[in-house]
Amino acid sequence: MSWDQLGEIASVAQLTGVDAVKLIGMIVSAANTARTHKKNCRQFAQHLKLIGNLLEQLRISEMKQYSEILEPLEGLEDALRRSYILVNSCQERSFIYLLAMGWNIVYQFRRAQDEIDRYLKIIPLITLVDNIRIRERLEAIDSDQREYTLDEEDRKVQDVILKQESTREAATSVLKKTLSRSYPNIGFCQALKTEEEKLKHELQRSRARYDTDQCEVIQHLIDVTQTVASADLDSEKVLTKKKSSKEELTTSSKKKDDSYETDSGIRTTSSSTSYVSFSSEHELVSGKSSRHREDWHTDLLDCCSAPVLYFHRRN
């Protein structure tokens, strides 16, 4: 990816008419929202703040009427426009792609600072102004040599996603950790889908430039996202299956408990009923026996309860 290719995101022509001070403000704002190369973006923005303060003090945009100032100033503004595209790309472009192109992006930051500082030094108004404060600011800018590099964590991610022999598990683990920071408001599957769409757009750009090397790299990155997405889907299916089995087991156990309670109730009720029936039958038999005895006593002995003997005398 060359310096000029970055201009495909937002044409430099679209930023025409924006002066150097406003461009620096746009770069600082974009640096605050960068998702990748955050440290490089912040360092670059801090360096440009020093330049912006100097240009504001000189009101250099008002000096374009002088031909000796116009040309280097326009060169400075063009460099700042490309710098804005570079920093903004760390927010808009594919997160995985920018990580894969890590060292190339680092080189672009180094080159951007060198180019801006070089134009700043050849603007006559700045170099000829005999002002102690201005010279102090120039010395501060000149000594502010920022170190642009690739973070250790980003380097590890780059190694995993670029290696052909990386395992699916390793890629999944690394991307889950990094994409969660880049896409904090959406799920992992949706983040992968978004990245895949952006990578396909990158692939179209590379094909339009007939850049076969870039096409191979980007196609590999697309394959990585699809593999990781498939692995995550399989994992979700396994978890869903385990959850379903657990729920079925719980439901089955509950049914057995309910069945046991129902059977116990039936047995208890049956026993109670039997007991009641037995008691009733016993009482019925006892009652019958009592009545039999009562009837027998009345029939046989009732005549003896008050015996009366009548004797008839013969006359």
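**Reading a predicted model**

Author: Ala-100 counts as buried, because its relative accessibility is 6%, where buried means under 20% relative accessible area, exposed means over 50% and partly exposed lies in between, using a 1.4 Å probe and protein chains only. This is a predicted model, in which local features need pLDDT of at least 70 and side-chain atom pairs count only at pLDDT 80 or more, while totals for chains, interfaces and linings use all residues. Residues are numbered from 1 along each chain as its sequence is written, and side-chain values use heavy atoms, with hydrogens and water left out.

Reader: In which helix does Ala-100 lie, and which residues does Ala-100 touch?

Author: Helices (H or I, at least four residues) are DSSP runs numbered from the N terminus, and Ala-100 lies in helix H4, residues 95-100. Contact means heavy atoms within 4.5 Å; not counting residues up to four places away in sequence, Ala-100 touches Gln-158, Ile-161, Leu-162 and Leu-221. From C-alpha to C-alpha, Ala-100 and Val-160 are 9.5 Å apart in space, although 60 residues apart in sequence.

Reader: Is Thr-225 buried or exposed?

Author: Thr-225, which has its place in helix H11 (residues 212-301), counts as buried because its relative accessibility is 0%. Residues up to four places away in sequence being left out, Thr-225 touches Ile-96, Leu-192, Glu-196 and Leu-199.

Reader: What is the largest nonpolar core, and which residues have the most contacts inside it?

Author: A nonpolar core is a set of buried Ala, Val, Leu, Ile, Met, Phe, Trp, Tyr and Cys residues joined through side-chain atoms within 4.5 Å. The largest one here has 64 residues, and those with the most contacts inside it are Phe-44, Leu-80, Phe-109 and Leu-175. Helix H3, residues 67-92, gives the most to this core, with nine residues. Leu-80 touches Ala-20, Leu-23, Ile-24, Ile-27, Leu-48 and Ile-116, again not counting residues up to four places away in sequence.

Reader: How should I read the way H3 and helix H5 cross, and at what angle do their axes do so?

Author: Axes are lines fitted to C-alpha atoms, for helices over the stretch in contact, and angles run from 0 to 180 degrees between N-to-C directions. The axes of H3 and H5 (residues 102-121) come within 9 Å and cross at roughly 160 degrees. H3 is therefore roughly antiparallel to H5, since angles under 35 degrees count as roughly parallel, over 145 as roughly antiparallel, 65 to 115 as roughly perpendicular and the rest as oblique. The residues of the contact of H3 with H5 divide into 13 nonpolar, three polar and two charged, where Ala, Val, Leu, Ile, Met, Phe, Trp, Tyr, Cys and Pro count as nonpolar, Asp, Glu, Lys and Arg as charged, and the others, Gly among them, as polar.

Reader: Where do His-37 and Tyr-210 lie?

Author: His-37 lies in the loop between helix H1 (20-32) and helix H2 (38-58), and has a positive phi of about 50 degrees although it is not a glycine. His-37 is buried, with a relative accessible area of 5%. Tyr-210 is found in the loop between helix H10 (188-208) and H11; its phi is also positive, at about 55 degrees, although Tyr-210 is not a glycine. Tyr-210 is exposed, with a relative accessible area of 73%.

Notes:
Helices (H or I, at least four residues) and strands (E, at least two) are DSSP runs, numbered from the N terminus.
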